[in-house]
Amino acid sequence: MSSVHVVAAGQAHAHKRIGPGLALASLGAIAFSGKAIIVKLAYRYGVDAVTLIMLRMLFALPLFALMAWWAGRGKPALTRRDWMGVAGLGFSGYYLSSFLDFAGLAYVTASLERLILYLNPTLVLLFGWILWRRRITRWQAAGMSVSYAGVLLVFGHELQLGQSAAAAWGTLLIFLSAVSYAVYLVASGEFVKRLGSLRLVGLATSVACVLCIVQFLLLRPVETAFLVAPAVIWLSVLNAIVCTALPVLAVMMAIERIGPAMAAQTGMIGPMSTILMGVLILGEPFTAWIAAGTVLVIAGIFVFTRTGR
């Protein structure tokens with residue numbers, strides 16, 4: 001076979017991988033963004049955040065335990081240090097961040113929630129600068145400024161829609177959720193290398209599931225677990241499968257095919273899909289302010305990630 005045919009065959013193979021990879025990354029972004037929509041729908045039935053996150057994690061636990069077992073087949077057993085790391089990462093990255101997110105969604109729209117969480121890469125960079133004095137370039141600083149300006153624009157719009165104190169409290173909770181998840185990302189590097197990404201995610205999320213269940217048992221009577229409206233149960237099952245486990249697998253498979261950079265860029269459809277579902281399903285308002293804020297956030301993150309390579 002000539003070199004021309006080899007190159008052509010290689011390009012054809014690459015294109016075959018790019019198509020499914022982009023589809024998987026898009027599926028993961030859209031499915032994950034649906035979490036906020038499901039939570040907002042469940043709140044309409046009078047359920048509280050402690051019960052709602054317990055139900056989500058209860059139904060997700062078998063899926064993540066199976067994921068951890070599958071990824072750990074034939075691998076060395078975890079050491080005590082590994083288990084301590086997994087416990088800490090599960091607490092920060094999936095228990096605390098998820099609980100703060102669920103609690104914040106009781107006060108703000110799904111659109112603002114998704115835009116705040118989308119600032120996560122900037123928080124990781126800030127932690128790198130604080131802890132290890134890693135340099136922040138002028139383009140990265142500019143991208144961060146544009147993104148935060150977009151969030152402030154949408155936040156200002158939220159203040160006009162309802163009570164200022166409630167909107168401010170919800171925004172703070174969700175921002176702290178993003179901070180908690182950024183801590184997980186910064187601290188997980190060593191353990192990803194040791195355990196592998198899929199095994200670590202399965203183990204850490206399993207820890208978070210157990211913590212959410214224990215939290216419910218400590219704060220609520222156990223008999224109230226399934227006294228919620230039937231719709232809340234089904235929404236929690238949907239949240240656990242479609243918006244929790246499925247996105248993790250889809251994004252992992254996408255990264256294998258197209259790499260983390262392209263997968264991250266594809267993830268930019270997440271905020272837009274949340275806003276669209278919020279308008280169509282929840283009846284949330286869509287104004288020029290929200291559109292402008294979304295454009296600023298996405299443009300800022302695009303500049304930030306492109307110049308950070």
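These legends describe close-up views of one predicted model. Local features need pLDDT of at least 70, side-chain atom pairs count only at pLDDT 80 or more, and totals for chains, interfaces and linings use all residues. Residues are numbered from 1 along each chain as its sequence is written, and side-chain values use heavy atoms, with hydrogens and water left out.

**View 1. Helices H2 and H3 pack against each other.** H2 spans residues 49–71 and H3 spans residues 80–104. Helices here are DSSP runs (H or I, at least four residues), numbered from the N terminus. The packing angle is about 130 degrees, and the axes are 9 Å apart. Axes are lines fitted to C-alpha atoms over the stretch in contact, with angles from 0 to 180 degrees between N-to-C directions. That angle makes H2 oblique to H3. Oblique is what remains after roughly parallel (under 35 degrees), roughly antiparallel (over 145) and roughly perpendicular (65 to 115).

**View 2. Side chains and classes at the contact of H2 with H3.** From H2 come Ala 49, Val 50, Leu 52, Ile 53, Arg 56 and Met 57. They meet Tyr 94, Ser 98, Phe 99, Phe 102 and Ala 103 of H3. Contact means heavy atoms within 4.5 Å. By class, the contact has 9 nonpolar, 1 polar and 1 charged residues. Ala, Val, Leu, Ile, Met, Phe, Trp, Tyr, Cys and Pro count as nonpolar; Asp, Glu, Lys and Arg as charged; the others, Gly among them, as polar.

**View 3. The largest nonpolar core, with 52 residues.** A nonpolar core is a set of buried Ala, Val, Leu, Ile, Met, Phe, Trp, Tyr and Cys residues joined through side-chain atoms within 4.5 Å. Buried means under 20% relative accessible area (1.4 Å probe, protein chains only). Residues with the most contacts inside this core are Tyr 43, Val 47, Leu 52, Phe 64, Phe 102 and Leu 200. Helices supplying at least two residues each include H1 (3–43) and H10 (230–266). H2 gives the largest share, 11 residues. Leu 52 touches, among others, Val 39, Phe 102 and Val 232.

**View 4. Leu 117, in a second, separate core of 18 residues.** Leu 112, Phe 155 and Ile 174 are also included in this core. Leu 117 lies in helix H4 (residues 110–117). Its relative accessibility is 15%, so Leu 117 counts as buried. Leu 117 touches Lys 35, Asp 101, Ile 174, Ser 177 and Ala 178, leaving out residues up to four places away in sequence.

**View 5. Ser 147 in helix H6 (residues 138–161).** Ser 147 is buried, at 0% relative accessible area. Its contacts include Leu 119, Leu 296 and Ile 301.

Terms used:
Buried < 20%, exposed > 50% of the residue type's maximum accessible area, 1.4 Å probe, protein only.
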